[in-house]
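Morning, everyone. I have one structure to walk through today, so please look at the screen.

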Amino acid sequence: MSKSIFYHAGCPVCVSAEHDIVKLIGNDNVTIVNIGEDRNRIPEAQNAGIQSVPALVTPTGNVLHINFGASMNDVIG
């Protein structure tokens, strides 16, 4: 993986974190995934080790959970 992936669920906390992440690492260096809208990517997020959103998966596969917004169980419903 050459880019980071930022997973979020579309809540205000997540959207704010998205803007900060893009400012910090640049739009070209991150793929934004709103699993609230693109629910087909929930298994991908879980397999990456995401336990809550917003979270960033680095190019090396490390998961950085950022400011608790919602647990994956809350997102899945």
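Let me begin with charge pairs. A search of the whole structure finds one salt bridge, meaning a side-chain nitrogen of Lys or Arg within 4 Å of a carboxyl oxygen of Asp or Glu. Before the details, two words on sources. This is a predicted model, where local features need pLDDT of at least 70, side-chain atom pairs count only at pLDDT 80 or more, and totals for chains, interfaces and linings use all residues. Residues are numbered from 1 along each chain as its sequence is written, and side-chain values use heavy atoms, with hydrogens and water left out.

Which residues form the salt bridge? R41 pairs with E44, and their closest N and O atoms are 2.8 Å apart. Side chains of opposite charge can pair when their charged atoms come close. On accessibility, buried means under 20% relative accessible area, exposed over 50%, and partly exposed in between, using a 1.4 Å probe and protein chains only. R41 has 25% relative accessibility, so R41 counts as partly exposed. E44 is at 32%, so E44 is partly exposed.

Next, the cysteines. Take C11. Its closest cysteine sulfur is in C14, 3.1 Å away, and that is too far for a bond. Is C14 buried or exposed? Buried, because its relative accessibility is 0%. C11 is at 23%, so C11 counts as partly exposed.

Now two loop residues. Helices (H or I, at least four residues) and strands (E, at least two) are DSSP runs, numbered from the N terminus. T58 sits in the loop between β3 (52–57) and β4 (63–71). T58 counts as buried because its relative accessibility is 13%. What joins the side chains of T58 and T60? A polar contact of 3.0 Å. That term means a pair of N or O atoms within 3.5 Å; within protein, one must be able to donate a hydrogen and the other to accept it, and residues adjacent in sequence count only if both atoms are side-chain atoms.

Last, N27. N27 lies in the loop between α1 (12–25) and β2 (30–34). N27 has a relative accessible area of 51%, so N27 is exposed. Leaving aside neighbours within four places in sequence, N27 is in contact (heavy atoms within 4.5 Å) with K3 and V22. The C-alpha atoms of N27 and L56 are separated by 13 Å, and these residues are 29 apart along the chain.

Notes. Disulfide = S-S within 2.5 Å.
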